[in-house]
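Subject: Structure handover

Hi,

Here is the structure I promised to pass on. Please open it first, then read my notes below.

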Amino acid sequence: MAKVTNLAPRPPRARAGNQLAGVKPLKISDRRQSRVAVHARLRQLILDGTLPPGSVLSQLRLSRALGVSRTPLREALRMLEEEGLIDAEPNQRPRVKGFDSSDLEFVYSTRILLESFAAALTIPTLMPEDIRTAEEALSSMRSATQHEDFAEWRRAHREFHRVLVSGAGDQHVEQIEDLAERAERYLRFYQLRDTRSWWSRNTAAEHREMLDAVAGGHKGGRDGVAAIGRHLARTALWVIAEAEPERDPLPIRLALQMALSAATGDSRTVLKRSAADASSTE
């Protein structure tokens, strides 16, 4: 069984009542899409910390706050349980999960592999306007850090990383963004637990290093791919060390080794060789 550690403060478990005070009811034009809309809203409330770890989820309160019936709500809660965001024991109300080191390892090891691959495809296709978009996102991240605005930092951070994988195709980018949302949940845990330490981290320097490596295009994009893999691994190792310092995050280390190994050659050359090998076997 996975060890679960809660990085956030540990007050008594609260019902999701006060947290829902500012939540606006959903406006659903097509009732056939109720389940999807309810799932998306609840998922976001969990990921952005509105419903913090340990929150007990009352179907009555949730249905009133969101303005929906119990049927799509139950279906949405089942979907959240399948995603690993809530616990739903028999005869007990569901509860938002706490910090799960195993899940964090899965999320970040998968991100390292997927984003490294996506970056290898993207870097050779980046245009000057793409670099400018990333520069603007980086500037917004710095400003958000100065004002301690996590919501703005998160928006800019997403935009920055989106640029670096944008050439990998819609399906690939969608998978990466889904994992990135799950990763933000763990970052939010730490930000809420120790605000001063969070904002003192020099994340802008790491992202500056990544962008310089990507924009330089040296060695066919190898430096950029390696910088992205190292950045993701460094973030995961930092959070795990804070939550469970005795844990050996083997999946993170292996994923990084694989990403760095794949980055030892020009991505376009690797693709050409792979295509040549495939044609020779036909």
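Arg-43 counts as buried, because its relative accessibility is 7% and buried means under 20%. Please keep in mind that this is a predicted model.

Glu-83 is partly exposed, at a relative accessible area of 24%.

The other is Asp-178. Its salt bridge with Arg-43 has closest N and O atoms 2.7 Å apart. Here the link runs from helix α1 to Asp-178 in helix α7, and the two residues are 135 apart. Asp-178 is partly exposed, with a relative accessible area of 33%.

Both pairs belong to a wider set. A network of salt bridges links Arg-43, Glu-83, Arg-158, Asp-178, Glu-181 and Glu-184. Over the whole structure, the search finds 18 salt bridges.

One more pair deserves a look. Glu-206 and Arg-234 meet through their side chains in a salt bridge, 3.5 Å from N to O. Glu-206 sits in helix α9 and Arg-234 in helix α10, so this pair ties together parts that are 28 residues apart in sequence. Glu-206 is buried, with a relative accessible area of 12%. Arg-234 is partly exposed, at 35%.

**Overall layout**

The protein has 12 helices and two strands. From the N terminus, the order of elements is α-α-α-β-β-α-α-α-α-α-α-α-α-α. Of its 282 residues, 46% are buried.

**Nonpolar core**

Which residues touch the most other members of the largest nonpolar core? They are Leu-104, Tyr-108, Trp-153, Phe-160 and Trp-198, in a core of 47 residues. Each of these helices supplies at least two core residues: α4 (101-122), α5 (128-147), α6 (150-165), α7 (170-193), α8 (195-200), α9 (203-216), α10 (222-243) and α11 (250-262). The largest share comes from α10, with 10 residues.

Helix α8 also holds Trp-199. Trp-199 is buried, with a relative accessible area of 10%. Trp-199 and His-147 are 52 residues apart in sequence, yet 9.4 Å apart in space, C-alpha to C-alpha.

**Positive patch**

Arg-93 is placed in the loop between β1 (86-87) and β2 (95-96). Arg-93 is partly exposed, with a relative accessible area of 45%.

**Backbone points to check**

Most residues other than glycine have a negative phi. Two residues here are worth a glance for that angle.

Asn-91 has a positive phi, near 65°. Asn-91 lies in the loop between β1 and β2. Asn-91 counts as exposed, because its relative accessibility is 86% and exposed means over 50%.

Glu-148 also has a positive phi, near 50°. Glu-148 lies in the loop between α5 and α6. At 48% relative accessibility, Glu-148 counts as partly exposed.

Best regards

Key. Residues are numbered from 1 along each chain as its sequence is written. This is a predicted model: local features need pLDDT of at least 70, side-chain atom pairs count only at pLDDT 80 or more; totals for chains, interfaces and linings use all residues. Side-chain values use heavy atoms; hydrogens and water are left out. Helices (H or I, at least four residues) and strands (E, at least two) are DSSP runs, numbered from the N terminus. Buried means under 20% relative accessible area, exposed over 50%, partly exposed in between (1.4 Å probe, protein chains only). A nonpolar core is a set of buried Ala, Val, Leu, Ile, Met, Phe, Trp, Tyr and Cys residues joined through side-chain atoms within 4.5 Å. A salt bridge is a side-chain nitrogen of Lys or Arg within 4 Å of a carboxyl oxygen of Asp or Glu.
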